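User: I have some labels that I want set against their definitions. Please take them one by one.

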Amino acid sequence: MAGLWQRLCGPNPKLDSVYIFQPYKGWGGGLIYEMAENGAMIDSREDFYDGDYHSVIDFSLVMDSRVAHSLGANVMFGPIQLGFLREVGSVEKRNRTFAFRWIANFFALDVRYKDFFSTPGGTVSIEVLSPEEQAEKMDPIPIASTRMAESRSLVVNGIYAFNRHCFSYRAAYNSRAIQRRSAGSFIVGAKYMYGATVIDSQDVTVIALSNGLGRFTTHEISVGAGYSFNWVPYHRDAAGSKDLRGLRNLTLNITAVPLLTFYNRVISEAYAEDGYFRYKDEIARRYFLNGRIMPNFTARAGICYSTGHFYLTLGGEYTSFGFRLKPKEQTSAGGVRTSLVQQGMFSSWNVNLRLNYRF
């Protein structure tokens with residue numbers, strides 16, 4: 001146990017002391033304020049073939065991308081950090097975020113689970129083809145909901161920096177290492193994302209116009225490479241690794257990682273009808289759709305100012321990923337053949353301010 005404690009909290013002998021100062025990494029804690037926004041857009045085209053009749057429903061779902069303000073706290077030990085955030089304000093349902101970070105000097109693992117709520121909207125249009133192929137197409141109908149939909153997301157980010165001696169990725173994000181001189185590194189990254197959007201089954205307007213579609217689940221895996229750079233405009237050394245009197249440091253980081261999503265899968269589910277314009281939580285049909293290879297992007301920036309045992313960090317992150325799915329066909333017990341095609345885009349950004357203290 002003593003050896004593990006020393007490994008987590010002690011200095012790394014491979015780091016160049018000219019570039020990096022290593023304070024003792026014991027316990028720490030802090031307060032967090034975060035401003036965040038999450039957006040989602042899903043376009044669905046569902047074709048129905050029943051004998052000689054062919055109908056098409058085009059459904060465009062857009063989640064209201066409202067800005068949420070959250071407060072929380074985090075606790076740290078060595079390179080490990082745990083945090084919890086909860087939205088504040090007068091909203092009916094409040095967002096929650098759980099975060100786990102393992103940030104070392106040359107690699108980082110960031111796990112973030114978010115449960116957030118927003119109002120769905122969009123448009124729907126219906127086209128009916130008669131046996132004589134004379135189309136009857138109605139104008140798009142706007143969709144407005146009064147009920148919030150729930151979205152859950154789990155994002156796992158991992159990066160590895162090749163400059164293991166003169167560069168510290170965590171210097172601008174948790175100050176468990178101090179970058180004395182400016183340095184950068186090429187990095188490789190991988191990301192896994194799970195997302196689920198659930199429209200309330202009692203939201204009959206949205207569910208009826210979408211022909212029952214009300215649950216969407218995504219799984220994506222992406223890999224990529226980029227660059228991360230720490231700029232140090234100001235630094236004053238501390239008295240020692242545990243005696244941090246005199247420490248003054250300002251470090252700014254910019255990280256950009258283009259990604260390629262080689263695996264993405266979407267599961268779309270339709271609610272079962274329970275009478276005229278009524279639905280229940282049971283699933284009537286389920287589509288498993290596989291997507292094509294798509295480019296995506298993650299960008300992060302951070303500023304850290306350290307003074308003694310206190311340090312203040314300001315960070316922001318933007319991530320987006322899209323999907324374009326291959327058609328999926330299936331036939332019901334009644335002989336109705338359906339075909340579903342979907343494409344969409346998910347995006348999120350957050351800016352957080354953290355006041356931390358290291359013991």
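User: What makes a residue count as lining the second largest cavity, and which residues lie nearest its centre?
Analyst: A cavity is a set of points on a 1 Å grid over the protein atoms alone where a 1.4 Å probe fits but cannot get out, and a lining residue has an atom within 4 Å of such a point. For the second largest cavity, 20 residues meet that condition, with N157, I159, Y169, T298 and R300 nearest the centre. This is a predicted model, in which local features need pLDDT of at least 70 and side-chain atom pairs count only at pLDDT 80 or more, while totals for chains, interfaces and linings use all residues. Residues are numbered from 1 along each chain as its sequence is written, and side-chain values use heavy atoms, with hydrogens and water left out.

User: Which elements supply this lining, and which gives the most?
Analyst: Strands 6 (96-103), 7, 11, 13, 15 (248-273) and 17 each give two or more residues. Strand 15 gives the most, four residues. A strand here is a DSSP run of E with at least two residues, numbered from the N terminus.

User: How many residues of this lining are nonpolar, polar and charged?
Analyst: Ten are nonpolar, five polar and five charged. Ala, Val, Leu, Ile, Met, Phe, Trp, Tyr, Cys and Pro count as nonpolar, Asp, Glu, Lys and Arg as charged, and the others, Gly among them, as polar.

User: How many cavities are there, and what volume has the largest?
Analyst: Seven cavities reach 30 Å³ or more. Volume means the space filled by probe spheres set on the points, which are joined across faces, edges and corners. Of the 31 residues lining the largest cavity, N38, S153, V155, M193 and S348 are the closest to its centre. Its lining divides into ten nonpolar, 14 polar and seven charged residues.

User: Why is the R300 and E317 contact called a salt bridge?
Analyst: The term requires a side-chain nitrogen of Lys or Arg within 4 Å of a carboxyl oxygen of Asp or Glu. R300 is in strand 17 and E317 in strand 18, 17 residues apart. A network of salt bridges links R101, D110, R300 and E317. The structure holds 15 salt bridges.

User: Are R300 and E317 buried or exposed, and which class does R245 fall in?
Analyst: Buried means under 20% relative accessible area, exposed over 50%, and partly exposed in between, with a 1.4 Å probe and protein chains only. R300 and E317 are both buried. R245 has 64% relative accessibility and therefore counts as exposed. Its salt bridge partner at 2.6 Å, N to O, is D243, which at 29% counts as partly exposed.

User: Why is R180 called partly exposed?
Analyst: R180 has a relative accessible area of 22%, so it is partly exposed. R180 forms a salt bridge with D237, the closest N and O atoms being 2.9 Å apart. D237, with 43%, is partly exposed as well.

User: Why is L355 called partly exposed, and where is it?
Analyst: L355 has 45% relative accessibility, so it counts as partly exposed. Its place is in strand 20.

Note on methods
On a 1 Å grid over the protein atoms alone, a cavity is a set of points where a 1.4 Å probe fits but cannot get out, and a pocket is an open set with protein on both sides within 12 Å along at least five of seven lines; lining residues have an atom within 4 Å of a point.
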